[in-house]
Amino acid sequence: VTYDIRAGTFGAITKNLLTGEEGIGTYDKVIWAAGVNANPYIPTNLAEIFNGHNIPFKGKVLHSSEVSNLTEGVKGKRVLLIGGESSAEDLALTSIKLGAEKVYISHRREEAAVAAPNAWPFAKVELLTGTVPQRVDRNNCVAFQNVDPMTLQPQNDTNLGANEVRVCDIDTVIFCTGYKEDLSMLHPSVNGLPEGNGNGEITIYGGPPYKMPTEWKMKKNSLTDCLKGQDVEPAIVLSNLWKKSPYLYRYSVSINNPSMLFMVPNAVSLNQLLWADALAWQNLAFITGTAPIPSRSEMVKWLNYQTELDMGIAAERYELDSNYKQLILNTWDDEEECMELMELELSTYHYRNLADAMAVGNYPVDIGTFQELNEKGKALVTFEMYDRADVPRFPWPSLQTFRDLDGESLSKIRSIFTGTKAAPFKKAWMFIDDLDNVRSHCSAFPSTSGIRAEGGDTYGATFNSCTSSLTKPRQIGEDPDIL
């Protein structure tokens, strides 16, 4: 896709993958809706550790995008996951379910997703919090280095050998390190800048440095009491500002070429399906003229204002402002309670921004306004706060996963339209396999005898009340044998 700055139009070359026929079209507007998670990302320094410019790792190395046939890589194996967010948590649970012997997770951030569970099934997961892999030794052991809690970069430890953590006999390493966008289909001309005037690689995560106004003061928020009323001057440079948020007007419109629009729902909230839908309506309003696109200076003014709003939210400022992050790490006492307050404020803020985008696009669902959410909006916040709650459901705590919600937590997860409550699994998630898809209408629960896991705990054979059949008692990770 190219852009003719004089004509104000785009040229797009397309190819029919069935016939091989190519076509050329001219367009007034272009919307990039192909996502920003195209290419699996592995940090170069970590890839070199395991690919072995010194000592190669003697095992299987994968990215989380390559786990369509995971069983072979984890069954009966010792697994190392690198990264601490949702894919690592999901793969840790799935690896246990498929029969992994042990799972280690190396992650840098103390507040990572993998740190949320109070326990892991059968105690098979060990977290290596605040670490990154450093090297592989001649015995195929992986040595880890601590990271600085502020910068998340490896610490310069002069006594590294004495303090390092080593894990041996790892069979499989899986990088859960995310993805990078691939905008190579867009020619640099779509930036809308004259040739030779900074017209380079296309990126939506690269804006100019921003310095907070000297008169800016943080208002009372979720952490004011936790921090005993203390505050600090913002850092001169807001780290991660345009890494965390796209340099786009209302998360959609290119600042330099407002005829080029993007769909980036994961830049705003984890509720990506709803955000994608709302952004689609917003973009429709922009390209049809229902919602006017302001001048470049007005768009930049909106971005600056949005940054100041973000800085007023404790969790957002924690990510952006190194001075504030240091204050939090040095000050708060009750971390668990303060984290809950931060999460509630952040979730509410996300949905307030969503309500604002919905209003621009005249979205057919009303969840309130940026100033105040209505009952539907508040229900969405509640849903997000409880969907990962850790509430024991089974008489065997070591079976519990975040998917096994019940009771009060599950009652909070309900349709904002009909009020219908989410249904619990009919048995522990650890016992659910593909065969359950064909008998999902049956009531099946584990009995109290049959399967013995590590530590001597016993788990039950599963009776199917619809067919009166019995699944043979089996170890987690084995294929069921239907009698």
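Trainee: Let me start with a side chain that meets the backbone: which backbone oxygen lies 3.0 Å from a polar atom of the side chain of N257?

Mentor: A polar contact is a pair of N or O atoms within 3.5 Å; within protein, one must be able to donate a hydrogen and the other to accept it, and residues adjacent in sequence count only if both atoms are side-chain atoms. Here the backbone oxygen belongs to V190, and the distance to the N257 side chain is 3.0 Å. Keep in mind that this is a predicted model, where local features need pLDDT of at least 70 and side-chain atom pairs count only at pLDDT 80 or more, while totals for chains, interfaces and linings use all residues. Residues are numbered from 1 along each chain as its sequence is written, and side-chain values use heavy atoms, with hydrogens and water left out.

Trainee: Where is N257, and is it buried or exposed?

Mentor: Buried means under 20% relative accessible area, exposed over 50%, and partly exposed in between, with a 1.4 Å probe and protein chains only. N257 sits in the loop between β16 (253-254) and β17 (260-262), and its relative accessibility is 2%, so it counts as buried. Helices (H or I, at least four residues) and strands (E, at least two) are DSSP runs, numbered from the N terminus.

Trainee: Which residues is N257 in contact with, leaving aside neighbours within four places in sequence?

Mentor: Contact means heavy atoms within 4.5 Å. N257 touches Y3, F10, V190, N191 and G192.

Trainee: How many disulfides does the structure hold?

Mentor: A disulfide is a pair of cysteine sulfur atoms within 2.5 Å. The structure has 2 of them. One joins C141 to C168, with 1.9 Å from S to S. The torsion about that S-S bond is about 105°, so the disulfide is right-handed. This pair links distant parts of the chain, 27 residues apart: C141 is in the loop between β10 (131-136) and β11 (142-146), and C168 in the loop between β12 (165-167) and β13 (172-175). C141 is buried at 4% relative accessible area, whereas C168 is partly exposed at 25%.

Trainee: And which cysteines form a disulfide with sulfur atoms 2.3 Å apart?

Mentor: Those are C226 and C338. Their S-S bond has a torsion of -110°, and the link is left-handed. C226 lies in the loop between β14 (179-180) and α5 (241-244) and C338 in helix α10, so the pair ties together parts that are 112 residues apart in sequence. Both C226 and C338 are buried.

Trainee: How many residues does α10 have, and what covers its buried residues?

Mentor: The expected span of a helix is 1.5 Å times one less than its number of residues. Helix α10 (residues 335-360) has 26 residues and reaches 38 Å from its first C-alpha to its last, close to the 38 Å expected. An α-helix has 3.6 residues a turn, so residues three or four places apart point the same way. In α10 the buried residues include C338, M342, E345, Y349, N353 and A357. Their cover includes α6 (272-288), α7 (296-311), α8 (314-320) and α11 (375-386). Just after α10, N362 takes a positive phi of about 55°.

Trainee: How many aromatic pairs are there?

Mentor: Rings of Phe, Tyr and Trp (its six-membered ring) pair if their centres lie within 6.5 Å; planes under 30 degrees apart count as stacked, over 60 as edge-to-face and the rest as tilted. The count comes to 9 aromatic pairs. In one of them, the rings of Y249 and F286 have centres 6.0 Å apart and planes at 45°, so the pair is tilted. Y249 lies in strand β15 (residues 248-249) and F286 in helix α6, so parts 37 residues apart in sequence are tied together. Y249 and F286 are both buried. Y251 and W275 form an edge-to-face pair, 5.7 Å centre to centre with 80° between the planes. Both Y251 and W275 are buried. Y249, Y251, W275, F286 and W302 form one aromatic cluster.

Trainee: Where does pLDDT stay under 50?

Mentor: pLDDT is the predictor's confidence in each residue, from 0 to 100. The protein chain averages 82, and 82% of its residues score at least 70. The stretch under 50 is residues 441-483, for which the model has 107 contacts beyond four places in sequence.
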